[in-house]
Amino acid sequence: MYEMDEVLQWVGEAGKERKDPWFPLQDPLVTQNRFQPDYRVNRQAVADGKTQFHTIQAAIQQALIDGRAMLAKGGAKQRLYIEVAPAEYRELLYVPATAVPITLYSTVSDASKTKIVANLHAALLGRVYSERFGAQFTGLDASIVEMYDSIKGRQVIGTNGSAVAWIRGAGFQIKNITLENAYNKEPNKEPNDQNAECPNSSCGATAGTAPVVVVHHQAVALMVEGADKVQFENIRLHGFQDTLYLRSSKLGQSVRSFFHQSYVEGNVDFIFGDTTAYFYRCEIKSLGDRSTSYVVAPNTNLRSAYGFVFNQCRFTNDGSSNALAGKFYLARQWFHTQKCTPYATISIPNNVPGYRCELGSTDAYQAPLGSITRPVLETVGKVVVMNSQIGPHIQKQHPWADWNRKGSLAYRPAQFAVSDFLDNLRQAGFDVERQFEYRLPLDITPNAAIFLAEFNNEQL
(Lines give C-alpha, C1' and ligand atoms only; values in the text may rest on other atoms or scores of the structure.)
Protein backbone atom coordinates (compact mmCIF):
# COMPACT_ATOMS: atom_id res chain seq x y z
CA MET A 1 0.00 0.00 0.00
CA TYR A 2 2.86 2.41 0.80
CA GLU A 3 5.44 1.29 -1.71
CA MET A 4 7.12 4.08 -3.62
CA ASP A 5 5.57 3.43 -7.04
CA GLU A 6 2.09 3.27 -5.52
CA VAL A 7 2.33 6.44 -3.43
CA LEU A 8 4.00 8.55 -6.12
CA GLN A 9 1.60 7.71 -8.95
CA TRP A 10 -1.27 9.83 -7.58
CA VAL A 11 -1.64 13.56 -8.15
CA GLY A 12 -4.41 16.13 -8.30
CA GLU A 13 -7.53 17.06 -6.37
CA ALA A 14 -8.01 15.19 -3.11
CA GLY A 15 -10.33 12.23 -3.59
CA LYS A 16 -10.18 12.64 -7.37
CA GLU A 17 -6.46 12.06 -7.95
CA ARG A 18 -5.40 10.83 -11.35
CA LYS A 19 -2.79 8.18 -12.08
CA ASP A 20 0.48 9.56 -13.40
CA PRO A 21 3.22 6.96 -12.83
CA TRP A 22 6.52 8.44 -11.60
CA PHE A 23 9.69 6.46 -10.97
CA PRO A 24 12.25 8.89 -9.53
CA LEU A 25 14.85 6.20 -8.73
CA GLN A 26 15.16 5.63 -12.48
CA ASP A 27 15.86 9.30 -13.17
CA PRO A 28 19.38 10.31 -14.32
CA LEU A 29 19.56 12.43 -11.15
CA VAL A 30 19.98 9.13 -9.28
CA THR A 31 21.61 6.91 -11.88
CA GLN A 32 24.25 9.36 -13.20
CA ASN A 33 27.03 11.25 -11.45
CA ARG A 34 27.88 13.58 -14.34
CA PHE A 35 25.76 15.77 -16.57
CA GLN A 36 26.45 18.07 -19.47
CA PRO A 37 25.87 21.50 -17.90
CA ASP A 38 24.07 24.25 -19.77
CA TYR A 39 25.26 26.77 -17.19
CA ARG A 40 27.98 26.95 -14.56
CA VAL A 41 28.08 28.92 -11.31
CA ASN A 42 31.63 29.57 -10.12
CA ARG A 43 32.80 32.70 -8.34
CA GLN A 44 36.40 31.95 -9.32
CA ALA A 45 35.63 32.00 -13.07
CA VAL A 46 34.80 34.93 -15.34
CA ALA A 47 31.04 35.51 -15.54
CA ASP A 48 29.65 36.21 -19.00
CA GLY A 49 25.94 36.42 -18.12
CA LYS A 50 25.09 33.71 -20.65
CA THR A 51 26.50 30.40 -19.45
CA GLN A 52 28.90 31.45 -16.66
CA PHE A 53 27.62 33.10 -13.45
CA HIS A 54 28.72 34.14 -9.98
CA THR A 55 25.31 33.62 -8.31
CA ILE A 56 22.87 30.75 -8.49
CA GLN A 57 19.86 33.04 -8.90
CA ALA A 58 21.43 34.59 -11.99
CA ALA A 59 21.81 31.15 -13.54
CA ILE A 60 18.19 30.32 -12.70
CA GLN A 61 17.18 33.60 -14.37
CA GLN A 62 18.97 32.67 -17.60
CA ALA A 63 17.57 29.13 -17.61
CA LEU A 64 14.09 30.58 -17.19
CA ILE A 65 14.54 32.87 -20.21
CA ASP A 66 16.21 30.22 -22.38
CA GLY A 67 13.55 27.65 -21.50
CA ARG A 68 10.81 29.95 -22.72
CA ALA A 69 12.68 30.60 -25.95
CA MET A 70 13.14 26.87 -26.55
CA LEU A 71 9.45 26.23 -26.01
CA ALA A 72 8.47 29.08 -28.36
CA LYS A 73 10.67 27.60 -31.09
CA GLY A 74 9.31 24.11 -30.59
CA GLY A 75 12.58 22.90 -29.14
CA ALA A 76 12.81 19.36 -27.83
CA LYS A 77 15.23 19.85 -24.93
CA GLN A 78 13.76 18.13 -21.90
CA ARG A 79 15.79 19.70 -19.07
CA LEU A 80 18.37 22.41 -18.34
CA TYR A 81 21.34 21.69 -16.05
CA ILE A 82 23.11 24.16 -13.75
CA GLU A 83 26.43 23.01 -12.31
CA VAL A 84 27.43 24.77 -9.07
CA ALA A 85 31.05 24.89 -7.94
CA PRO A 86 31.68 24.04 -4.26
CA ALA A 87 31.38 27.20 -2.14
CA GLU A 88 29.04 28.96 0.25
CA TYR A 89 26.50 31.08 -1.62
CA ARG A 90 24.84 33.66 0.60
CA GLU A 91 21.67 34.34 -1.32
CA LEU A 92 18.03 33.41 -1.65
CA LEU A 93 16.95 30.94 -4.34
CA TYR A 94 13.55 31.65 -5.92
CA VAL A 95 12.38 29.38 -8.76
CA PRO A 96 9.08 30.33 -10.43
CA ALA A 97 7.13 28.07 -12.77
CA THR A 98 9.44 27.20 -15.66
CA ALA A 99 8.85 26.22 -19.29
CA VAL A 100 11.63 23.64 -19.11
CA PRO A 101 12.48 21.88 -15.83
CA ILE A 102 15.83 22.69 -14.18
CA THR A 103 18.40 20.55 -12.38
CA LEU A 104 20.73 22.28 -9.92
CA TYR A 105 23.68 20.15 -8.87
CA SER A 106 27.24 19.97 -7.61
CA THR A 107 29.72 17.41 -8.88
CA VAL A 108 31.10 17.06 -5.34
CA SER A 109 29.20 14.29 -3.53
CA ASP A 110 29.76 15.84 -0.09
CA ALA A 111 26.71 18.12 0.00
CA SER A 112 28.17 20.19 2.84
CA LYS A 113 30.80 21.57 0.43
CA THR A 114 28.19 23.39 -1.68
CA LYS A 115 25.84 25.47 0.41
CA ILE A 116 23.09 28.03 -0.22
CA VAL A 117 22.55 29.94 3.01
CA ALA A 118 20.64 32.98 4.27
CA ASN A 119 19.46 34.27 7.64
CA LEU A 120 15.78 35.19 7.93
CA HIS A 121 12.75 34.22 9.99
CA ALA A 122 8.98 34.56 10.10
CA ALA A 123 8.94 37.59 12.43
CA LEU A 124 11.32 39.62 10.26
CA LEU A 125 9.89 42.99 9.23
CA GLY A 126 9.06 43.32 5.54
CA ARG A 127 11.18 46.45 5.26
CA VAL A 128 14.17 44.67 6.82
CA TYR A 129 13.72 41.78 4.39
CA SER A 130 13.71 44.31 1.55
CA GLU A 131 16.85 46.06 2.84
CA ARG A 132 18.65 42.78 3.25
CA PHE A 133 17.71 40.99 0.03
CA GLY A 134 16.21 43.54 -2.37
CA ALA A 135 19.40 44.15 -4.36
CA GLN A 136 19.50 40.49 -5.33
CA PHE A 137 16.25 40.80 -7.28
CA THR A 138 16.97 44.02 -9.18
CA GLY A 139 16.49 43.57 -12.93
CA LEU A 140 15.39 39.94 -12.76
CA ASP A 141 12.55 38.29 -14.68
CA ALA A 142 9.07 39.47 -13.71
CA SER A 143 8.07 36.02 -12.44
CA ILE A 144 10.97 36.02 -9.95
CA VAL A 145 10.39 39.63 -8.92
CA GLU A 146 6.71 38.83 -8.33
CA MET A 147 7.76 36.27 -5.71
CA TYR A 148 9.98 38.84 -4.00
CA ASP A 149 7.33 41.58 -4.21
CA SER A 150 4.75 39.31 -2.56
CA ILE A 151 6.88 39.32 0.61
CA LYS A 152 8.54 42.74 0.82
CA GLY A 153 5.29 44.64 1.38
CA ARG A 154 4.23 42.61 4.41
CA GLN A 155 4.49 44.04 7.90
CA VAL A 156 6.25 40.81 8.89
CA ILE A 157 7.25 38.25 6.29
CA GLY A 158 5.58 35.21 7.92
CA THR A 159 6.49 31.55 7.71
CA ASN A 160 6.05 31.25 3.95
CA GLY A 161 8.20 34.34 3.44
CA SER A 162 11.11 32.97 5.43
CA ALA A 163 12.29 30.30 2.96
CA VAL A 164 15.91 30.36 1.77
CA ALA A 165 14.88 28.27 -1.27
CA TRP A 166 11.36 28.73 -2.66
CA ILE A 167 10.46 26.32 -5.48
CA ARG A 168 7.45 26.73 -7.76
CA GLY A 169 8.89 25.05 -10.85
CA ALA A 170 7.52 21.59 -11.67
CA GLY A 171 10.17 18.94 -12.18
CA PHE A 172 12.85 20.97 -10.38
CA GLN A 173 15.76 18.90 -9.05
CA ILE A 174 18.65 19.46 -6.62
CA LYS A 175 21.62 17.16 -6.01
CA ASN A 176 24.66 17.31 -3.68
CA ILE A 177 23.76 20.70 -2.19
CA THR A 178 22.99 22.04 1.31
CA LEU A 179 20.18 24.53 1.89
CA GLU A 180 20.49 26.31 5.23
CA ASN A 181 18.45 28.87 7.09
CA ALA A 182 21.12 30.27 9.38
CA TYR A 183 18.68 31.90 11.81
CA ASN A 184 19.75 30.76 15.31
CA LYS A 185 22.79 29.02 13.82
CA GLU A 186 25.15 31.97 13.51
CA PRO A 187 26.68 34.09 16.31
CA ASN A 188 25.43 37.64 16.73
CA LYS A 189 22.31 39.19 15.23
CA GLU A 190 22.45 40.27 11.63
CA PRO A 191 22.28 44.07 11.16
CA ASN A 192 18.85 45.73 11.04
CA ASP A 193 17.08 42.74 12.59
CA GLN A 194 14.64 44.65 14.76
CA ASN A 195 12.55 41.61 15.65
CA ALA A 196 15.14 39.47 17.41
CA GLU A 197 14.63 39.01 21.12
CA CYS A 198 16.76 37.44 23.81
CA PRO A 199 14.42 36.08 26.48
CA ASN A 200 16.88 34.18 28.64
CA SER A 201 20.47 34.16 29.80
CA SER A 202 21.58 31.68 27.18
CA CYS A 203 21.60 34.54 24.68
CA GLY A 204 24.26 36.43 26.57
CA ALA A 205 27.93 36.31 25.74
CA THR A 206 30.51 34.83 28.04
CA ALA A 207 34.06 36.14 28.10
CA GLY A 208 35.63 35.80 24.67
CA THR A 209 32.50 34.43 22.94
CA ALA A 210 29.83 35.98 20.75
CA PRO A 211 26.17 35.78 21.83
CA VAL A 212 23.97 33.18 20.14
CA VAL A 213 20.32 34.04 19.49
CA VAL A 214 17.97 31.30 20.68
CA VAL A 215 14.62 32.98 20.03
CA HIS A 216 12.12 30.57 18.50
CA HIS A 217 10.64 31.71 15.19
CA GLN A 218 9.75 29.73 12.09
CA ALA A 219 12.70 29.85 9.70
CA VAL A 220 12.30 27.75 6.54
CA ALA A 221 15.26 26.33 4.62
CA LEU A 222 13.23 24.90 1.70
CA MET A 223 9.64 25.56 0.62
CA VAL A 224 8.15 23.68 -2.33
CA GLU A 225 4.90 25.37 -3.37
CA GLY A 226 2.52 23.74 -5.84
CA ALA A 227 5.37 22.14 -7.83
CA ASP A 228 4.89 18.52 -8.92
CA LYS A 229 7.57 15.84 -9.41
CA VAL A 230 10.19 17.78 -7.49
CA GLN A 231 13.20 15.61 -6.65
CA PHE A 232 16.05 15.92 -4.14
CA GLU A 233 19.10 13.65 -4.22
CA ASN A 234 21.74 13.70 -1.49
CA ILE A 235 20.79 17.13 -0.18
CA ARG A 236 21.06 18.55 3.33
CA LEU A 237 18.43 20.82 4.88
CA HIS A 238 19.64 22.78 7.91
CA GLY A 239 17.33 24.70 10.22
CA PHE A 240 15.48 24.61 13.52
CA GLN A 241 11.76 25.39 13.52
CA ASP A 242 9.89 24.64 10.26
CA THR A 243 12.92 23.61 8.19
CA LEU A 244 11.04 21.97 5.29
CA TYR A 245 7.66 23.26 4.07
CA LEU A 246 5.84 21.18 1.42
CA ARG A 247 2.88 23.31 0.40
CA SER A 248 0.06 22.84 -2.10
CA SER A 249 -0.97 25.82 -4.20
CA LYS A 250 -4.50 25.43 -2.79
CA LEU A 251 -6.16 23.29 -0.13
CA GLY A 252 -6.90 19.75 -1.25
CA GLN A 253 -4.65 19.84 -4.32
CA SER A 254 -1.85 17.29 -4.05
CA VAL A 255 1.55 17.40 -5.73
CA ARG A 256 4.60 15.15 -5.22
CA SER A 257 8.12 15.49 -3.84
CA PHE A 258 10.79 12.81 -3.48
CA PHE A 259 13.78 12.86 -1.12
CA HIS A 260 16.49 10.21 -1.50
CA GLN A 261 19.54 9.66 0.70
CA SER A 262 19.11 13.14 2.13
CA TYR A 263 19.32 14.79 5.54
CA VAL A 264 16.79 17.03 7.29
CA GLU A 265 17.31 18.58 10.72
CA GLY A 266 15.25 20.73 13.06
CA ASN A 267 13.72 21.00 16.49
CA VAL A 268 9.95 21.39 16.13
CA ASP A 269 7.46 20.80 13.28
CA PHE A 270 10.47 20.77 10.98
CA ILE A 271 8.84 18.79 8.17
CA PHE A 272 5.35 20.15 7.53
CA GLY A 273 2.70 20.78 4.90
CA ASP A 274 -0.11 19.20 2.90
CA THR A 275 1.43 17.57 -0.18
CA THR A 276 2.53 14.01 -0.95
CA ALA A 277 6.19 13.46 -0.10
CA TYR A 278 8.24 10.26 -0.05
CA PHE A 279 11.42 10.10 2.04
CA TYR A 280 13.58 7.11 1.14
CA ARG A 281 16.74 6.19 3.00
CA CYS A 282 17.02 9.62 4.62
CA GLU A 283 18.25 10.80 8.01
CA ILE A 284 15.82 12.93 10.01
CA LYS A 285 17.58 14.53 13.00
CA SER A 286 15.94 16.25 15.99
CA LEU A 287 18.02 19.09 17.43
CA GLY A 288 18.08 21.05 20.64
CA ASP A 289 16.69 20.75 24.13
CA ARG A 290 13.12 21.94 23.94
CA SER A 291 10.81 20.38 26.50
CA THR A 292 8.71 18.99 23.66
CA SER A 293 9.57 18.47 20.01
CA TYR A 294 7.73 17.16 16.96
CA VAL A 295 9.38 15.93 13.78
CA VAL A 296 6.43 16.20 11.38
CA ALA A 297 3.39 18.50 11.30
CA PRO A 298 1.17 17.46 8.36
CA ASN A 299 -2.10 19.10 7.37
CA THR A 300 -3.09 16.66 4.63
CA ASN A 301 -6.67 16.78 3.33
CA LEU A 302 -9.10 14.13 4.54
CA ARG A 303 -9.52 12.63 1.06
CA SER A 304 -5.91 12.84 -0.15
CA ALA A 305 -4.57 9.42 -1.01
CA TYR A 306 -1.29 9.94 0.85
CA GLY A 307 0.63 12.45 2.91
CA PHE A 308 4.24 12.02 4.08
CA VAL A 309 5.76 8.54 3.84
CA PHE A 310 9.12 7.66 5.42
CA ASN A 311 10.63 4.37 4.26
CA GLN A 312 13.98 3.01 5.45
CA CYS A 313 14.83 6.26 7.20
CA ARG A 314 16.79 6.94 10.39
CA PHE A 315 15.25 9.19 13.04
CA THR A 316 18.21 10.44 15.05
CA ASN A 317 18.97 13.16 17.60
CA ASP A 318 21.85 15.37 18.69
CA GLY A 319 22.14 13.97 22.21
CA SER A 320 20.36 16.75 24.11
CA SER A 321 19.05 15.85 27.57
CA ASN A 322 15.35 15.92 26.69
CA ALA A 323 15.97 13.92 23.54
CA LEU A 324 17.76 11.26 25.54
CA ALA A 325 14.83 11.24 27.97
CA GLY A 326 12.52 10.11 25.15
CA LYS A 327 10.21 13.14 25.34
CA PHE A 328 9.82 13.87 21.62
CA TYR A 329 7.17 12.82 19.10
CA LEU A 330 7.14 11.65 15.49
CA ALA A 331 4.29 13.98 14.57
CA ARG A 332 1.33 16.11 15.49
CA GLN A 333 -1.40 16.91 12.97
CA TRP A 334 -1.25 20.59 12.03
CA PHE A 335 -4.52 22.42 12.50
CA HIS A 336 -3.61 25.67 10.71
CA THR A 337 -3.05 27.19 14.20
CA GLN A 338 -6.81 27.64 14.21
CA LYS A 339 -7.99 29.36 17.42
CA CYS A 340 -11.55 28.15 17.04
CA THR A 341 -11.66 24.38 17.22
CA PRO A 342 -14.70 22.25 18.08
CA TYR A 343 -12.48 19.67 19.72
CA ALA A 344 -11.89 22.08 22.59
CA THR A 345 -15.42 21.27 23.74
CA ILE A 346 -14.34 17.69 24.46
CA SER A 347 -11.16 18.87 26.16
CA ILE A 348 -12.11 19.76 29.75
CA PRO A 349 -11.53 22.45 30.86
CA ASN A 350 -11.26 24.69 27.82
CA ASN A 351 -10.61 27.78 29.97
CA VAL A 352 -13.18 29.97 28.17
CA PRO A 353 -16.65 30.13 29.79
CA GLY A 354 -19.39 29.90 27.17
CA TYR A 355 -16.93 28.77 24.49
CA ARG A 356 -18.50 27.50 21.27
CA CYS A 357 -17.08 26.73 17.83
CA GLU A 358 -19.44 26.14 14.94
CA LEU A 359 -19.11 25.19 11.31
CA GLY A 360 -19.15 28.37 9.23
CA SER A 361 -18.03 30.22 6.11
CA THR A 362 -15.04 31.87 7.80
CA ASP A 363 -12.25 30.88 10.17
CA ALA A 364 -12.74 33.37 12.97
CA TYR A 365 -12.71 33.62 16.74
CA GLN A 366 -13.98 36.37 19.05
CA ALA A 367 -14.04 34.94 22.56
CA PRO A 368 -16.07 33.02 23.50
CA LEU A 369 -17.58 32.30 20.04
CA GLY A 370 -16.01 31.26 16.77
CA SER A 371 -16.44 29.49 13.47
CA ILE A 372 -14.33 27.09 11.45
CA THR A 373 -14.62 26.28 7.75
CA ARG A 374 -15.02 22.78 6.44
CA PRO A 375 -11.73 22.80 4.44
CA VAL A 376 -9.77 23.59 7.61
CA LEU A 377 -11.67 21.02 9.66
CA GLU A 378 -10.89 18.40 7.02
CA THR A 379 -7.12 18.97 7.10
CA VAL A 380 -6.41 15.85 9.13
CA GLY A 381 -2.67 15.28 8.52
CA LYS A 382 -1.24 11.96 7.28
CA VAL A 383 2.11 10.32 8.07
CA VAL A 384 3.41 6.77 7.67
CA VAL A 385 6.78 5.64 9.04
CA MET A 386 7.89 2.15 8.03
CA ASN A 387 10.99 -0.04 7.84
CA SER A 388 12.86 2.70 9.68
CA GLN A 389 15.12 3.14 12.69
CA ILE A 390 13.65 5.30 15.43
CA GLY A 391 15.97 6.76 18.05
CA PRO A 392 15.41 6.89 21.83
CA HIS A 393 14.31 10.54 21.64
CA ILE A 394 10.89 9.49 20.31
CA GLN A 395 8.31 8.40 22.86
CA LYS A 396 7.97 4.65 22.54
CA GLN A 397 4.41 4.20 23.80
CA HIS A 398 2.90 7.35 22.29
CA PRO A 399 4.93 8.50 19.26
CA TRP A 400 1.99 10.54 17.93
CA ALA A 401 0.95 13.67 19.83
CA ASP A 402 -2.21 15.70 20.24
CA TRP A 403 -2.11 19.19 18.75
CA ASN A 404 -1.11 21.23 21.79
CA ARG A 405 -2.22 20.25 25.27
CA LYS A 406 -5.70 19.46 26.50
CA GLY A 407 -7.50 22.54 27.75
CA SER A 408 -6.02 24.83 25.10
CA LEU A 409 -8.14 26.34 22.34
CA ALA A 410 -5.93 24.95 19.60
CA TYR A 411 -6.42 21.42 20.91
CA ARG A 412 -7.18 18.47 18.65
CA PRO A 413 -6.59 14.86 19.65
CA ALA A 414 -4.36 12.70 17.48
CA GLN A 415 -6.49 11.02 14.83
CA PHE A 416 -5.29 7.72 13.43
CA ALA A 417 -8.05 6.95 10.95
CA VAL A 418 -11.26 8.28 9.47
CA SER A 419 -13.21 6.60 12.29
CA ASP A 420 -11.43 8.88 14.82
CA PHE A 421 -12.27 11.93 12.71
CA LEU A 422 -15.98 11.08 12.63
CA ASP A 423 -16.14 10.07 16.31
CA ASN A 424 -14.50 13.33 17.40
CA LEU A 425 -16.94 15.39 15.35
CA ARG A 426 -19.85 13.56 16.93
CA GLN A 427 -18.44 14.10 20.43
CA ALA A 428 -18.11 17.79 19.61
CA GLY A 429 -21.85 17.90 18.85
CA PHE A 430 -21.89 17.75 15.05
CA ASP A 431 -24.41 15.73 13.06
CA VAL A 432 -21.95 14.44 10.47
CA GLU A 433 -24.63 13.23 8.07
CA ARG A 434 -26.81 16.32 8.19
CA GLN A 435 -24.29 19.15 8.66
CA PHE A 436 -21.52 17.69 6.51
CA GLU A 437 -23.75 15.68 4.18
CA TYR A 438 -21.43 12.73 4.63
CA ARG A 439 -22.76 9.43 3.36
CA LEU A 440 -21.61 6.77 5.78
CA PRO A 441 -19.41 4.92 5.40
CA LEU A 442 -17.46 7.74 3.81
CA ASP A 443 -16.71 7.34 0.12
CA ILE A 444 -12.96 7.33 0.64
CA THR A 445 -10.26 4.96 -0.59
CA PRO A 446 -8.87 2.48 1.99
CA ASN A 447 -5.39 4.00 1.96
CA ALA A 448 -6.81 7.51 2.45
CA ALA A 449 -8.77 6.30 5.48
CA ILE A 450 -5.51 5.81 7.40
CA PHE A 451 -3.99 8.99 8.83
CA LEU A 452 -1.14 7.98 11.17
CA ALA A 453 0.67 4.67 11.06
CA GLU A 454 4.06 3.14 11.81
CA PHE A 455 5.12 -0.45 11.25
CA ASN A 456 8.13 -2.70 10.90
CA ASN A 457 10.36 -0.13 12.59
CA GLU A 458 13.37 -0.73 14.79
CA GLN A 459 13.71 1.11 18.10
CA LEU A 460 17.30 2.20 18.68
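**The cysteines and their setting**

Analyst: The link of C340 and C357 is right-handed, with 105° about the S-S bond. This pair joins distant parts of the chain, 17 residues apart. C340 sits in the loop between strand 26 (329–332) and strand 27 (356–359), and C357 lies in strand 27 itself. Helices (H or I, at least four residues) and strands (E, at least two) are DSSP runs, numbered from the N terminus. The sulfur atoms of C340 and C357 are 1.9 Å apart. A disulfide is a pair of cysteine sulfur atoms within 2.5 Å. The structure holds one disulfide.

This is a predicted model, in which local features need pLDDT of at least 70 and side-chain atom pairs count only at pLDDT 80 or more, while totals for chains, interfaces and linings use all residues. Residues are numbered from 1 along each chain as its sequence is written, and side-chain values use heavy atoms, with hydrogens and water left out.

Buried means under 20% relative accessible area, exposed over 50%, and partly exposed in between (1.4 Å probe, protein chains only).

C313 is in no disulfide. C282 is buried at 4% relative accessible area. C313 is buried too, at 1%.

Two strands pair if DSSP finds at least two bridges between them. Strand 16 (residues 244–247) and strand 20 (residues 271–273) run parallel, joined by three bridges. There, L244 stands opposite I271.

Last, confidence. The mean pLDDT of the protein is 90, and 93% of its residues reach 70 or more. pLDDT is the predictor's confidence in each residue, from 0 to 100. It stays under 50 over residues 188–213, for which the model has 42 contacts beyond four places in sequence. Contact means heavy atoms within 4.5 Å.
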